[in-house]
Amino acid sequence: MGEDSNDETPREHSRRDVFKLAGAAPALGAMVPAQAAPVPAPEREALETLTAAEADILEAFCARLIPSDGNGPGAKEARAAHYIDRALGGALASARDIYRSGLMALDARARATKGAPFGALDAKSQDSLLTELEESDPTFFNLVRQHTLQGTFCDPYYGGNAGFVGWDLLAYPGIRMAVPEKDEAMNTLPAPMRKSAYDLAMFDRRSAGIADRMAAPMDLAHMPYGMGNSKNGD
């Protein structure tokens, strides 16, 4: 997930691979502009679950999985780590200890082999360590990848997809209760709505609150189609 095409990456997952894992149609990925205006990374909100040290490691981890590049912003700008931090105190609470041990083990490996904390390393060194992690602990690596995808492309209500940057990457215009005739023609990209589902009167935020407290799926087999899974197992 390097800054350029020459970086060594964990199995060299391309941005298009990320879109597929997120359940986006290939056509949507093709409609993303070749160059997008840079989006500044938002300031980190107050931590809810992770320690500051754990959050630093996770921020860097997420940023390498879906990096910012010429096509647009990535997981850092989408605040995927904030989504995970928040969810670890609720729907993902059962994964809290997995994150604690996994993140600290990754940082210890970075200090032992690279001489610096994981978050302080350059992109190439981080990618090298994540490649090793994907081979040595695929369960943890894939767990963070799933949650990073969720945090990048989720409804902003849940703490990720800040500024709708994830939806913009997919050319997803947002929830629409009606589609005008010009959009039905599909000759151009529809204008983005930039609204959470819970900004619409017909949706009850209390239902979202209940969902926040429900345990989330922990592996691909139990994830709904389109949330890091696919019908063909791709």
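Me: Leaving aside its neighbours within four places in sequence, which residues is phenylalanine 118 in contact with?
Reply: In this predicted model, phenylalanine 118 is in contact with Ile57, Ala60, Phe61, Leu106, Asp107, Ala110, Gln126, Leu129 and Leu130, once neighbours within four places in sequence are set aside.

Me: Which residues of the largest nonpolar core touch the most other members?
Reply: Leu58, Phe61, Tyr99 and Phe118 do, in a core of 37 residues. At least two residues of this core come from each of helix 3 (52–65), helix 5 (80–87), helix 6 (96–114), helix 7 (123–136) and helix 8 (138–153).

Me: And which helix gives the largest share?
Reply: Helix 3 does, with 7 residues of this core. In soluble globular proteins, nonpolar side chains tend to be buried together.

Me: Turning to the surface, which residues form a nonpolar patch there?
Reply: Met177, Met202 and Phe203 form such a patch, and together they have about 330 Å² of accessible area.

Me: Where is methionine 177 found, and why does it count as exposed?
Reply: Methionine 177 lies in the loop between helix 9 (165–169) and helix 10 (181–184). Its relative accessibility is 54%, and the residue counts as exposed because the cut-off is over 50%.

Me: Now the whole chain: how many helices and strands are there?
Reply: The chain has 11 helices and 0 strands. Of its 234 residues, 45% are buried. The accessible surface comes to about 12,300 Å², and carbon and sulfur atoms hold 55% of that area.

Me: What share of the contacts with a separation of 6 or more joins residues 24 or more positions apart?
Reply: Such residues account for 67% of those contacts in the chain.

Key
Residues are numbered from 1 along each chain as its sequence is written. This is a predicted model: local features need pLDDT of at least 70, side-chain atom pairs count only at pLDDT 80 or more; totals for chains, interfaces and linings use all residues. Side-chain values use heavy atoms; hydrogens and water are left out. Patches are made of residues with over 30% relative accessible area and no salt bridge: like charges are joined within 9 Å, nonpolar side chains (Val, Leu, Ile, Met, Phe, Trp, Tyr) within 5 Å. Accessible areas come from the Shrake-Rupley method with a 1.4 Å probe; for residues, only the protein chains shown count as cover. A salt bridge is a side-chain nitrogen of Lys or Arg within 4 Å of a carboxyl oxygen of Asp or Glu. Helices (H or I, at least four residues) and strands (E, at least two) are DSSP runs, numbered from the N terminus. Buried means under 20% relative accessible area, exposed over 50%, partly exposed in between (1.4 Å probe, protein chains only). Contact means heavy atoms within 4.5 Å. A nonpolar core is a set of buried Ala, Val, Leu, Ile, Met, Phe, Trp, Tyr and Cys residues joined through side-chain atoms within 4.5 Å.
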